[in-house]
Amino acid sequence: MSVIRKITLDLSPLRRFPSFRLVFTARLVSLFGIGLLMVAVPVQVYGLTGSAVHLAAVATTSGACVFAGTLTGGLLADRFDRRRVILTARSAAGVGFLLLTLNALLPEPLLWPIYALAAWDGLAAGISASTLTTLVPTLVDRDDLPATGALLSLTADLSAMISPAVGGVLIAAWGVGANYAAAAVATAFTAYGVSRLPPYPPASAAARESPARAIASGLAFAVRHRTVRSVLLAGFATMLLSGPVVLLPALVETRLGGGEATLGLLYSAPAVGAVLGSLTSGWIAGARRPGMALLAAMLAMGLAVLGTGLSVTAVLAFLALTGYGCGRVLTDILRFTLLQRNTPDEIRGRMSSLWQAQVVAAAAVGSMAAGLLAEAFGPATALVWYGAAAALLVLVLAAFLTPLRERGDQPAHLS
């Protein structure tokens, strides 16, 4: 029984820290609402235009603004009250969702507001996400960071598994306007939950810095601190590992067969693995060398991609992709833990935004790498080469990023 307790997800932060419980609930509801948009926006855009180019353009617009908002949010979190930043961003997003609802209810919905509001909501989402990541470590004890990181990852994975299916049902019953309205309601609930938190003002020194100086001091800290620098460098490698899903349609068509049903199952496999990884991440809190655990999880991701390329049946590919999802979420939890443990609060927002930006950009960077390999070698061979090269890269990083092989944390201070 004690072994089971050591490996299963520690839920005690939800019980012991009421403020974290509020944030967890608000984030879960917010991500559920955002997941509804992931179905509604492409359905509406394609219905209006019949164009895959417009689908890609709206997604790119939103993604670029999420990335910009993520970096902006980290700077704001170190300069202003963090509760107020989140409230402002989520309120702005809620207004955007209401405007999308009104546009959807028009006799002839317009396309340009969808582009404009995709940018608006993407910026707001990025700001609130990175600010919330900055706020969470101040709500719990230092030893609870692995569990809180796992709980935050679990909210994202659960919403990714559930909300698209619910979104499809809502669209079938009442149209895309119902999804936008539900997202607005979810955002209002999120804002209410965050409003019940006490203020979390920034450190006085951080608030006095000019934006340019704040950015420079953040980058200087990231370069100077051995552990933080190593975690961020490992994050760039993880970004390159984040692209195998883009090759699944071609893999099903050329090797596995089974059509759309098989493809749907394979798409769900990484999310299944991520949920399993979060639920069994309790061991991270007691890991004596979390940096080594991070490298091992990254290596598992690479080997899982290689295994997907070698799979000759859908069952084997599903198992490999489940392992990939598990490795991916463990890298996220371990990077979050290492980064937050080694970052002083007055600069936490900027470091959190760099970590969050890597998470946001990972799919785009990895998909591009995987797509280029697939053009040259075909999907199955590309996955084999991709996974093998990724595993080799992790071994090289293990040799050079010595702080990740050490026990304990480097003291978190600015000077």
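Analyst: Helices here are DSSP runs (H or I, at least four residues), and strands are runs of E of at least two residues, both numbered from the N terminus. The model is predicted, so local features need pLDDT of at least 70 and side-chain atom pairs count only at pLDDT 80 or more, whereas totals for chains, interfaces and linings use all residues. Residues are numbered from 1 along each chain as its sequence is written, and side-chain values use heavy atoms, with hydrogens and water left out.

Asn 342 is found in the loop between helix H15 (314-341) and helix H16 (348-377). A residue is called buried under 20% relative accessible area, exposed over 50%, and partly exposed in between (1.4 Å probe, protein chains only). With a relative accessible area of 0%, Asn 342 is buried. A polar atom of its side chain lies 2.7 Å from the backbone oxygen of Leu 338. A polar contact is defined as a pair of N or O atoms within 3.5 Å; within protein, one must be able to donate a hydrogen and the other to accept it, and residues adjacent in sequence count only if both atoms are side-chain atoms.

Helix H15 itself is mostly covered, since 20 of its 28 residues are buried. The expected span of a helix is 1.5 Å times one less than its number of residues. For the 28 residues of H15 this gives 40 Å, in agreement with the 40 Å between its end C-alpha atoms.

The charged contacts come next. Side chains of opposite charge can pair when their charged atoms come close. A salt bridge is a side-chain nitrogen of Lys or Arg within 4 Å of a carboxyl oxygen of Asp or Glu, and the whole structure holds 9 of them. Arg 328 is partly exposed at 24% relative accessible area, whereas Asp 332 is buried at 11%.

Because Arg 82 lies in helix H5 (residues 82-105) and Asp 345 in the loop between H15 and H16, the pair ties together parts that are 263 residues apart in sequence. Arg 82 is buried at 2% relative accessibility, while Asp 345 is partly exposed at 28%. Asp 345 also forms a salt bridge with Arg 348, at 3.2 Å from N to O. Arg 348 is buried, with a relative accessible area of 10%. Through shared partners, salt bridges join Asp 78, Arg 82, Asp 345, Arg 348 and Arg 350 into one network.

Elsewhere, the surface carries a nonpolar patch. Leu 240, Val 365, Leu 392, Leu 393, Leu 395, Val 396 and Phe 400 form this patch, with about 630 Å² of accessible area together. Patches consist of residues with over 30% relative accessible area and no salt bridge, like charges being joined within 9 Å and nonpolar side chains (Val, Leu, Ile, Met, Phe, Trp, Tyr) within 5 Å. Areas come from the Shrake-Rupley method with a 1.4 Å probe, and for residues only the protein chains shown count as cover. Helix H17 (residues 379-400) gives the most to the patch, with 5 residues.
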